[in-house]
Amino acid sequence: MECLRRVNPFRACAGLRFLGYLMLALVAAIVAVSYYAVVVFAWAPLLLRGGGGGSMAAAAIILAAFHLLLAMMLWCYLMVVFSDPGSVPENWRHAAEEDEEQGHAPRYCSRCQNSKPPRCHHCSICDRCVLKMDQHCVWVVNCVGARNYKYFLLFLVYTFFETLLDISVLFPSFITFFQDENRGSNSASDIAILFVAFVLNLVFALSLLCFLGINMPLVMSNTTSIEVKLCNVNFFWFHVCHS
């Protein structure tokens with residue numbers, strides 16, 4: 001029995017951090033494939049070859065927009081990955097008068113051995129409490145909380161517009177390169193990269209659209225994903241107990 005008490009089931013959650021590192025590599029691979037397909041393969045050669053003024057202007061605008069969105073996306077992504085989501089100060093204590101006025105009962109985290117402010121939750125993967133925790137995102141190997149949620153939301157927005165741009169500028173090439181008369185003029189590797197880039201951007205655009213549709217109402221109502229889940233769980237058990 002003593003051995004069972006010492007077993008910490010939350011240690012298994014730490015394994016998800018290794019999955020997060022794989023996600024970092026996957027993000028880098030997706031960016032690299034998209035960059036090659038849009039810049040190196042499709043539009044930079046058109047700009048370098050010259051020709052019609054309209055084509056060169058369109059290529060310049062597309063490449064400028066692509067690099068601008070890519071820079072903003074990567075900046076926000078790195079800020080989410082490396083920013084502190086919101087740690088609770090050591091030996092933090094509740095202000096009793098404020099808690100009574102706001103209707104918050106004092107809470108204590110037995111794992112951090114510290115008091116927990118309102119809307120603070122303990123992350124079993126990071127093994128720490130996070131202020132206004134929204135979620136632990138494996139894509140960024142970090143929690144999303146009070147101090148990096150803005151960058152997380154901006155990352156979603158910039159990535160969505162980047163994928164839309166990629167789909168739009170790759171679609172003509174995607175159709176053209178699969179026509180019978182044009183297949184022989186392009187290498188198999190180029191066609192494969194174009195196909196993978198187009199499909200990946202299409203899948204991510206649809207996924208991000210759904211994700212933004214979920215997160216925007218939360219932003220408008222100043223609610224986190226965890227609070228919504230807890231509310232749904234409490235609502236479920238309330239009906240189970242009173243049915």
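**Exercise 1.** Classify Arg119 as buried, partly exposed or exposed, and find its salt-bridge partner.

Step 1. The model is predicted: local features need pLDDT of at least 70, side-chain atom pairs count only at pLDDT 80 or more, and totals for chains, interfaces and linings use all residues. Residues are numbered from 1 along each chain as its sequence is written, and side-chain values use heavy atoms, without hydrogens and water.

Step 2. Arg119 pairs with Glu227 at 2.6 Å, N to O, in a salt bridge (a side-chain nitrogen of Lys or Arg within 4 Å of a carboxyl oxygen of Asp or Glu).

Step 3. Glu227 is in helix H7 (residues 225-241) and Arg119 in the loop between strands E2 (114-116) and E3 (121-123), 108 residues apart. Helices (H or I, at least four residues) and strands (E, at least two) are DSSP runs, numbered from the N terminus.

**Exercise 2.** Which residues does the salt-bridge network with Asp84 join?

Step 1. Asp84 and Arg128 form a salt bridge at 3.5 Å, N to O. Asp84 is in the loop between helices H3 (53-82) and H4 (96-102), and Arg128 in strand E4 (residues 128-130), 44 residues apart.

Step 2. Asp84 also bridges to Arg147, with closest N and O atoms 3.6 Å apart. Arg147 lies in the loop between strand E6 (142-144) and helix H5 (149-176), so this pair ties together parts 63 residues apart in sequence.

Step 3. Through shared partners, Asp84, Arg128 and Arg147 form one network.
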